[in-house]
Amino acid sequence: MQQQFDASKLGMWLFLATEILLFGVLFVGFGLSQGRWPEEFKQAHHHLDRVLGAFNTVVLLFSSFTMVMAVNSASRSKRKATINYLIVTILCAIAFLVVKYFEYSHKIHEGLLPGQYFTYLASTDPMAKGNSVFFGFYFMMTGLHGFHIFAGVVVLCLLLKETIKGKYNAAYYTPVDLVGLYWHIVDLIWIYLFPLLYLIG
Amino acid sequence: MADILTSPHAGADVHHGKEIDYIEAKKGIWSWMSTVDHKRLGLMYFWAVVANFIVGGIFALLVRITLLTGNHGDNYFINAETYNRFFTLHGIVMVFLVIIPSVPAALGNFVLPLMLGAKDVAFPRMNLASFWIYIVGWTMAITAICLGMVDTGWTFYTPYSSTTNGPVSLMALAAFTLGFSSIFTGINFIATVHKLRAPGMGWFDMPLFVWSIYSTSLIQVLATPVVGITLVLLTIERAWGIGVFDASKGGDPVLFQHFFWFYSHPAVYIMILPGMAIISEIIPTFSAKTMFGYKAVAYSSVAIALIGFLVWGHHMFPSGQSQLASLVFSFLTFLVAIPSGIKVFNWLATMWRGNIAMDTPMVWAVSFLLLFTIGGLTGIFLGSLSTDIHLHDTYFVVAHFHYVMMGGTITAFLGGVHYWWPKMFGRMYNEGPAKIAAYLYFIGFNVLFLSQFVMGSNGMPRRYYNYLPEFQPWHIASTVGSWIIAAGLFLALGNLLASLRKPKDAPDNPWKGTTLEWQTQSPPIEHNFHDQPVLHRAPYDYRTPVSVDREIH
Amino acid sequence: MLPEQGSQHARHVDTLFMALFWLNVFFFVLVAGLAIYCVYAFKRREGVKTPHITHNLALELIWSVIPTMLVIGVFFWGAAGFLDYSVAPGNSLEIAVTAKKWNWTFTMPDGSVYGKNIQIPVNTNVKFVMTSMDVLHDFYVPAMRVKHDVLPNRYTEVWFNAEKEGTYHLACAEYCGKSHSDMFGSIKAVQPAEYEKWLVDGPPEWATMKPEELGKIAYEAYGCNTCHSVDGTKNTGPTWKGLYGKTEKFSDGTTTVVDEAYIKESINIPGKKVVSGYENQMPAFEGQIKPKLFEGLIAYIKSLK
Ligand code: HEA
Ligand code: HEA
Ligand code: CUA
Ligand SMILES: [Cu+2]
């Protein structure tokens, strides 16, 4: 059993390494494009709402904490507490997505979708290209991240169901632990995304 | 003696002849489709790879037939657009559907747990998932082919790929999906090697095959996500015109090349390391001699894997990347050649004063040594800056990579297939035709690709439908070579298939191998070993004789 | 094994190429020789016991260190050749190159524009400043051993100094679609005096050609063919078929019968009268077309009934 547990954990870490690389590419691409369009990126980031971004950061940090507590309770066979912490985590994640939804629809409204949909600046405006590239990265990165949060919500719900059934206890709580790891990485990525996108310059 | 494996409890029943093996353990299609047995999954991958190899090969033969003549009118039976699709699909099929899964997913899945003395891989269900993801990716690729094919070259360079017609997005997503299959296989193998080694098996008691596959898996896990997300970016660029790579929209096409090669260079080591893995098994076994420089070979696999991450820019010397970058990449490219050299010399030293049996697998292994050396050495021309400027994107490069990919990996793969065939299917094939096939392949291969080195250094660019008349003799030679090699390959396949019609007749250890997979019956039982095997003899230790059958008292 | 050498740089590259060739022959013969020797000398005999040799530090050091030294040497040699060629000397003749699916267009220092085939003076440093109108292309002159990608929205350079008179093949070496393999051209190195003459009247064969034939060359060389058809099909610009003598209507409502003067004006200052149904997209060619070709164009248009 211990061997199995170790193996799963190793597997999870490897998977998370691939996740970090996945985002890593976008970070590198963002950095290089910022080098090409420094002024444009600065201008574009003013469209992002720092307050909402900061709020979401806090929400995710808090959810990371509740996730730690969920794992901790599971490892001590405290089923009730685990259930509560998981529910709070899920609610935080949903709150995050709701805020994101409002941010997105605001941007779509302003014509900030990248590429052919970018209408905020006339295509003849010299700043338009760089702005559009910025939003290309913005939507790619936050979209991919949002997808990870969404996937996290689904997995957390499954976990909740199994916890309610009483599947986990001090002797076996591997899945809780693994989901915990995943959740921390997703949060961590946001911790990097937030200053990168919202707080340039 | 007989000290490889002691299984005090299960010993008794092992002697009662063969037991029901993994192939016959369960019946029905569903039992295959839902299997989590690494051996069955390995087998299914194997057949998928063989089928894809034939598809990729047919595209190659069509490419060669087109090039028999140099200046095609509009009415030629294969026109320029079709030609471009043929070589693109040839490249994509061979790379993503054949060579990357060939050794790790097909043979590795089958052999790796056996070699470690494990019951299965660490995550059997994930293994099944990887297989089905592979099938999904495969279906997407085939759909893209049927929907009118793709003409971007296997490298998908932007902005051509973001503007051309055809189901490029579907093909890119297919490659993305196949990448995920490859990542999961990699994770699985790493965890298996870390956690499921037989008791008594330290890191340096592992067969070299395992070391090499382990290094491969590291690259798969660390490099594949990069190309994955790059291809997604390409797809999004095609769909919504976000301009990450498109210069007219403010992007940078060279960035795409960096991302692509950041994966695809390490990917060439994903391709060759498993080939080297097989050679490191075949050579000691057929020389009946211990591996020379075991540790050097093991470490060189890891070194290749790690340094291999730092050389991608050597594909871009004339592309407009900075000169400093070109200098650094050129230097590192040379460094990565050294561990390969070390391996070659260690294999030779293993053969030296050995007791060499030229059975079919060994014929393939020796072919590998010669072909890979040519391929690798011509890589030095390409790594060197001023000569690469001349040779870049000519047939010299085409010949180089066929020598390493086909002459290296595919040759090794075929050697491995002949080596483990008795274990996988429990039958011995006919030696005569198998050897003839191997020789045909060797001759055909050199006729096919040596002529391409000549054309390439003479300035014949690649991906050319029309060419100058002076190149025609060499193109004809090359095409004739492709027929010889095709004959060899079909003969090899036919011979192997013919053996399946016989009753099972393979001994457990036909080649007197020392690694654990030879210590169970052929084909193995569903759970590989009756009892947890315990390692007593280091791999490739021929100090005490190895008997042909199981060494269990 | 290698194409003709057109420059000093080409000779340097070839020296390295041949050195590598022999180095590799040496290593190949070593590897292949040993492998085949072993296969015959140590052929299997039953009952033979092989020695248990696990490693040999001295030997292993030899075959790690010697190749390392060699490749480091090769690195410096290759890098020197690369750096040496990568920056064009300051006094180079500058030719602008535009690549577009699937043609090369050259703008000579005097502003005249050619497609595909040009001349350059021999023994002169010539620098090509290149950009692409669409996808990636690659400017490859095998005889000079130079090659560089041509990118959209960006300028890249190659240069060389042709030592001998001769015609050098130019190829596109970056895959660019359907006619990638037909995207070639030629660069003819001639004596400076002849080059100057060519700049004024074009190549000698023009002297014997009919004006319509010259016009056809110009039609392709200056890229008129990208917008104008000669078979009646409508393109970015109006077709030239049946143009001469017809009555043209303009977007401002006026009309004109097409004569030589109008054609001249349309080429020099196309924006002056814009044909109705078309945008004013045609670039002004005033002063860019050689007189001979200009005459040719008019004759060519006249000939398209
Ligand atoms: C299995 C795959 C594989 C392998 C193993 C290699 C191995 C190597 N490759 Fe290759 N390569 C490809 C697959 C592979 N390559 C592909 C697919 C492409 C083209 C892709 C495309 O554009 O479509 C390519 C292209 C490519 C280029 C780019 C060319 C261009 O487009 O301009 C370069 C340049 O540096 C290069 C170099 C090398 C080198 C130095 C090695 C080295 O690792 C080789 C090391 C081995 C040896 C050197 C031989 C054994 C050593 C000795 C016997 C010791 C003595 C040696 C010396 C003294 C040197 N390769
Ligand atoms: C694994 C990789 C691999 C393999 C094996 C091959 C095999 C062959 N390739 Fe290769 N090729 C590539 C990878 C590979 N290729 C890549 C990546 C490109 C670049 C594409 C691009 O530019 O985008 C390329 C490009 C390429 C070109 C250049 C096209 C161009 O630039 O215009 C040519 C031209 O001759 C060519 C020819 C061939 C030929 C004749 C074979 C033959 O050797 C094929 C022979 C095979 C068969 C006839 C099938 C028969 C098989 C069986 C019967 C199964 C046997 C199985 C068992 C015994 C188990 N290939
Ligand atoms: Cu232009 Cu190829
Ligand atoms: Cu490479």
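Biologist: In which helix of chain B does His400(B) lie?

Modeller: The model is a predicted one. His400(B) supplies its NE2 atom to the iron atom of ligand 1 at 2.2 Å. In chain B, the helix that holds His400(B) is H14.

Biologist: What distance separates the iron atom of ligand 1 from the copper ion (ligand 4)?

Modeller: The iron atom of ligand 1 has His400(B) as its only protein donor. The separation between this iron atom and the copper ion (ligand 4) is 4.6 Å.

Biologist: How many residues apart in sequence are the parts that the pair His90(B) and His402(B) ties together?

Modeller: His90(B) belongs to helix H4 (residues 80-116) of chain B, whereas His402(B) belongs to helix H14 (residues 395-425) of chain B. The pair therefore ties together parts whose separation in sequence is 312 residues.

Biologist: What is the relative orientation of helices H9(B) and H10(B)?

Modeller: Helix H9 (residues 253-287) of chain B packs against helix H10 (residues 294-307) of chain B at an angle of about 170°, the axes being 10 Å apart. Angles over 145 degrees count as roughly antiparallel. The two helices, H9(B) and H10(B), are therefore roughly antiparallel.

Biologist: How do the residues of the contact of H9(B) with H10(B) divide into nonpolar, polar and charged?

Modeller: H9(B) contributes Tyr269(B), Leu273(B), Met276(B) and Ser280(B) to the contact. From H10(B) come Val297(B), Ser301(B), Ile304(B) and Ala305(B). By class, the residues of this contact are six nonpolar, two polar and no charged.

Biologist: Is Ser182(B) buried or exposed, and which residues does Ser182(B) touch, not counting residues up to four places away in sequence?

Modeller: Ser182(B) is placed in helix H7 (residues 168-195) of chain B. Its relative accessibility is 8%, so Ser182(B) counts as buried. Not counting residues up to four places away in sequence, Ser182(B) touches Ile100(B), Gln220(B) and Thr224(B).

Biologist: What is the C-alpha to C-alpha distance between Ser182(B) and Ser217(B)?

Modeller: In sequence, Ser182(B) and Ser217(B) are 35 residues apart. In space, their C-alpha to C-alpha distance is 8.5 Å.

Technical notes: Residues numbered from 1 in each chain as written. Chains lettered and ligands numbered in written order. Predicted model: local features only at pLDDT ≥ 70, side-chain atom pairs only at ≥ 80, totals over all residues. Heavy atoms only, no water. Axes fitted to C-alpha atoms, helices over the stretch in contact; angles between N-to-C directions. Helix = DSSP H or I, 4+ residues; strand = E, 2+ residues; numbered from the N terminus. Parallel < 35°, antiparallel > 145°, perpendicular 65-115°, else oblique. Contact = heavy atoms within 4.5 Å. Nonpolar A, V, L, I, M, F, W, Y, C, P; charged D, E, K, R; others polar. Donors = N, O, S within 2.8 Å, 3.2 Å for Na, K, Ca; no water. Buried < 20%, exposed > 50% of the residue type's maximum accessible area, 1.4 Å probe, protein only.
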